Each structure stands twice: as structure tokens, then as C-alpha cells.
Amino acid sequence: MSLGKLANCSRCDALFVQAVRDICQKCYQEVEQEYERCARYLRKRENRGSNIHQVSEATGVSIKQITKFIKEGRISVAGNPNLGYPCESCGFIIRTGNLCESCIKGLKHEITQQLEVEERLKQDGGVDMAAAVYRRKENVDE
């Protein structure tokens with residue numbers, strides 16, 4: 001059994017012996033208190049329609065930390081119809097995953113275009129990209 005290693009807390013940068021978590025004991029206790037404030041707020045019937053901004057404002061917990069609670073499954077969005085968290089790309093409020101539908105669609109489109117370009121390059125004379133770049137560099141040096 002190992003004893004852990006010295007590390008800096010990812011939240012406050014204090015030096016601590018890391019065993020399981022990436023935050024120190026003091027920050028862990030603060031996070032637990034933040035979780036309790038959020039959970040207590042959302043348990044009240046009148047607050048179940050709150051969005052993440054309202055929860056953050058009412059509890060004083062950052063949107064980033066509330067997002068972490070939701071992604072960890074500690075706060076459920078199922079009983080809170082307006083609760084979600086920002087898309088990592090555009091900030092649109094989502095309820096699952098890391099990206100909204102629009103960003104996923106855009107990413108898929110970019111990947112499809114890149115694959116089509118690579119396929120076209122393979123079909124045009126069978127020249128691979130590395131050789132083409134090498135030839136261009138030769139032309140620049142001349």
C-alpha cells in the first residue's frame with residue numbers, strides 16, 4: 001500500500017499528500033459544503049425550476065463547480081427541468097455531454113470535409129501529403 005505523493009491542490013495550490021483526490025482536505029470540505037448548499041437549494045419545491053445561473057446566485061457556488069456536480073452525477077438534472085450547464089465550445093446550456101447539438105453538428109461537418117479532402121488527395125495521382133509538402137519546400141528553396 002502506498003502512502004500517496006506530494007502534490008499541489010488543483011483548487012488552492014497548497015502542498016498536500018495526495019491519496020485519492022486532486023484537492024487538499026480543506027478544499028474538499030469547502031466543496032462538500034458547496035454541494036450541500038446547492039442540494040439544499042434544489043430540494044425546495046419552489047427552486048426546482050431554477051437554472052444554473054439562479055442556483056449560482058442563490059448559493060454563492062460558482063457555475064464551474066455546479067457544472068462539475070452535475071457531470072459527476074451528484075446533482076441530477078432529471079428533477080430540475082431548467083437546470084443544465086454550458087457547452088464547452090459555445091456556452092449554450094446543455095443537459096448531457098460536453099458539446100451542444102449545434103457544435104457537434106459543426107464538428108462532424110469539419111471532420112467530413114477533412115476526410116473528403118484527404119480522399120481527394122489520395123485519388124489525385126496517389127500523392128501523399130508528406131511528399132507534396134516536401135516538393136513544395138523544394139520549390140520554395142529554389
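Here are a few notes on helix packing and aromatic contacts in this predicted model.

1. Ground rules. Local features need pLDDT of at least 70 and side-chain atom pairs count only at pLDDT 80 or more, while totals for chains, interfaces and linings use all residues. Numbering starts from 1 along each chain as its sequence is written, and side-chain values use heavy atoms, with hydrogens and water left out.

2. H1 against H2. Helix H1 (residues 25–43) packs on helix H2 (residues 52–59) at about 115 degrees, axes 10 Å apart. Helices here are DSSP runs (H or I, at least four residues), numbered from the N terminus; axes are lines fitted to C-alpha atoms over the stretch in contact, with angles running from 0 to 180 degrees between N-to-C directions.

3. Who touches whom. On the H1 side you'll find Arg37, Cys38, Tyr41 and Leu42, meeting Gln54, Val55, Ala58 and Thr59 of H2 (contact means heavy atoms within 4.5 Å).

4. The aromatic pair. The whole structure has 1 such pair: Tyr35 and Phe69, edge-to-face, 5.5 Å centre to centre with 70 degrees between the planes. Ring centres must lie within 6.5 Å; planes under 30 degrees apart are stacked, over 60 edge-to-face, the rest tilted. Tyr35 sits in H1 and Phe69 in H3 (residues 63–72), so the pair ties together parts 34 residues apart in sequence.

5. Burial. Tyr35 is buried at 15% relative accessibility, and Phe69 is buried at 0% (buried means under 20% relative accessible area, 1.4 Å probe, protein chains only).

6. Charge over ring. The charged end of Arg74 also sits over the Tyr35 ring, 4.1 Å from its centre. Arg21 lies over the face of Tyr28, 3.7 Å from the ring centre. The criterion is NZ of Lys or CZ of Arg within 6 Å of the ring centre and within 35 degrees of the ring normal.

Notes. Helix = DSSP H or I, 4+ residues; strand = E, 2+ residues; numbered from the N terminus. Phe/Tyr/Trp six-rings, centres within 6.5 Å; stacked < 30°, edge-to-face > 60°. Buried < 20%, exposed > 50% of the residue type's maximum accessible area, 1.4 Å probe, protein only.
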